[in-house]
Amino acid sequence: MSVSALPPAIEFIGIDKRFGAVHANRDIDLAIEAGTIHGLVGENGAGKSTLMSILYGFYAADRGEIRLHGRKTTIRSSADAIRQGIGMVHQQFMLVETMSVLENVLLGAEGSPRLAPAEARARAVLRQLADDYELTIDPDALVADLSVGEQQRVEILKTLFRGAEILILDEPTAVLTPAEAAHLFRILRRLAQEGKTILLITHKLKEIMAITDRVSVMRAGEIVAEFETAETSVERLAEAMVGRRVLLEVEKGPSVPGAVLLEVEAVDLRDKRGVSVLDRVSLEVRAGEIVGIAGVAGNGQSELIEAIAGIRRPTSGRITVCGRDVVGLGPDEVREAGLAHIPEDRHRMGLVLDFSAEENMLLGHEDDPAWAHGLLLDRSAIRRAAMTAFDDFDIRPDDPTLRAALFSGGNQQKIVVAREVARTPRVLLVGQPTRGVDIGAIEAIHRRLIALRDQGHAILLVSAELDEIRSLSDRVLAMCQGRITGECRPDVGETEIGLMMAGVAPEGVRA
Ligand SMILES: Nc1ncnc2c1ncn2[C@@H]1O[C@H](COP(=O)(O)OP(=O)(O)OP(=O)(O)O)[C@@H](O)[C@H]1O
Ligand SMILES: [Mg+2]
């Protein structure tokens, strides 16, 4: 570590925070040097977002102090944090979709956004920032029309426009394509070189290894380890996080495929504007196999899953689930035909945040004979089922009566996964099952999916993580611009799969 005479950019000293019975941050001491990228890793619910929210003035710590550049400070609100040069890019973006990029950047900044001089100055600064940091973006574009990666750039621009010297990013790559993530990292390096201090939360340990200078590991509210990145490894970080060795490879035997349980034949789908999003997609998934769809996000994978699940109606083509034609049926009827669906966007489709965890586990299954007796619900049967799921998936805190909103991001995801696999459906659609989930829980979810496969269920998996597709799937299909562009075994090289994802089928690969 470089010996520097300057005080650290940020110091947390004895920071402590409880939410009721949950001790989210325990006596945290942490110092971060200016001009470095510091990683923060830890299991779901370890307290990472809480600590960053305290720095950003969103929560007040119960005890402890924060020093910026050696000076003790009190951060009373996010506006206060911004004034002190702290910016945060949240897990969920906080942009106003119906406003332009420029309006969003000006929102909440000093002065009125409608004043012409402010606007002219903002345009000039935006152009400058775009040139300096490759953050190119049209100031007049509507946020609703931007890709997720572009929206994130607006969030970063917003913080830089307000003069942030300290930038907090909470799982910034969870929703990015690999190319967008690489671009983000180039920007972060550049910012650090200029002396800005970056705090990065991520579950992707490879990213920690690739981009950070130092990394701290949190477990159950405490900092349990800290490393120079150059002196650690993915394995050591995983072990420090979970407190035991973690199996980074998926263990599975060969598949024994049986009857076709899901069949998609020449399905076309057009969006509201009449643009083709699925183009004669055909595939089948047999009992006892996992078929993975590899593809850069936005190439029709989400629409395919939604068409099969009865959320969108195909323009033409046939879909059969366990031998039953399901085109035109609604989601509940498709579920009755034997299908379960882990949606990729858990906030939009998977959870009702104001309902308790156990009520969420009931969603779509209110009529299950295990607890529905006539018009009455058997509350204790529901509680028992929820407790079992909480145990199986190690969902924390261990209380199914808490509102879903109060669980950390990864634990919310585990609630959705637990609900959908509990019914052991014949056909399971799985979208981004481990997005935002820690490495120990990834291991548990992967094991469960393999177990379902081995019991004879048919699984269709969509994931932006190529590693996940390759380690879980028995067969891999690539998708590009709404078409299936190739099929291969999961053990072919990443380059070949990459080419298929780009719509090119290389020699020797069945397309
Ligand atoms: N507003 C809140 N009210 C009650 N409990 C909360 C609140 N915010 C967080 N918690 C709890 O505090 C603990 C720490 O949560 P936090 O969101 O900091 O975890 P995290 O490390 O960011 O996890 P993840 O990786 O899943 O995002 C969790 O047990 C969570 O359920
Ligand atoms: Mg978090």
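Modeller: Helices are DSSP runs of H or I with at least four residues, strands are DSSP runs of E with at least two, and both are numbered from the N terminus. By that rule L169 has its place in strand β7. The model is predicted: local features need pLDDT of at least 70, side-chain atom pairs count only at pLDDT 80 or more, and totals for chains, interfaces and linings use all residues. Residues are numbered from 1 along each chain as its sequence is written, while chains are lettered from A and ligands numbered from 1 in the order in which they are written.

Biologist: Why does L169 count as buried?

Modeller: A residue is buried if 20 or more other C-beta atoms, placed from the backbone, lie within 10 Å of its own, exposed if 12 or fewer do, and partly exposed in between. L169 has 25 C-beta neighbours inside 10 Å, and therefore it counts as buried.

Biologist: Which residues are in contact with L169, its neighbours within four places in sequence left aside?

Modeller: Contact requires C-beta atoms, placed from the backbone, within 7 Å. On that criterion the partners of L169 are V89, I198, L200 and I201.

Biologist: What makes β6 and β10 edge strands?

Modeller: The open sheet has six strands in the order β6-β7-β8-β3-β9-β10, with mixed pairing. Both β6 (86–89) and β10 (222–228) pair on one side only. From one strand to the next, the twist averages 20°. Axes here are lines fitted to C-alpha atoms, for helices over the stretch in contact, with angles from 0 to 180 degrees between N-to-C directions.

Biologist: Which strands does helix α6 touch?

Modeller: Helix α6 (residues 178–193) packs on the sheet against β3, β7 (166–170) and β8 (197–201), and its direction makes about 145° with that of β8.

Biologist: What is the division of the shell around ligand 1 into nonpolar, polar and charged residues?

Modeller: Shell residues have a C-beta atom, placed from the backbone, within 6 Å of the molecule. Ala, Val, Leu, Ile, Met, Phe, Trp, Tyr, Cys and Pro count as nonpolar, Asp, Glu, Lys and Arg as charged, and the others, Gly among them, as polar. The shell thus holds seven nonpolar, 10 polar and three charged residues. Of its 20 residues, F19, N44, S49, S408 and G410 come nearest.

How values were computed:
Two strands pair if DSSP finds at least two bridges between them. Two residues are in contact if their C-beta atoms, placed from the backbone, lie within 7 Å.
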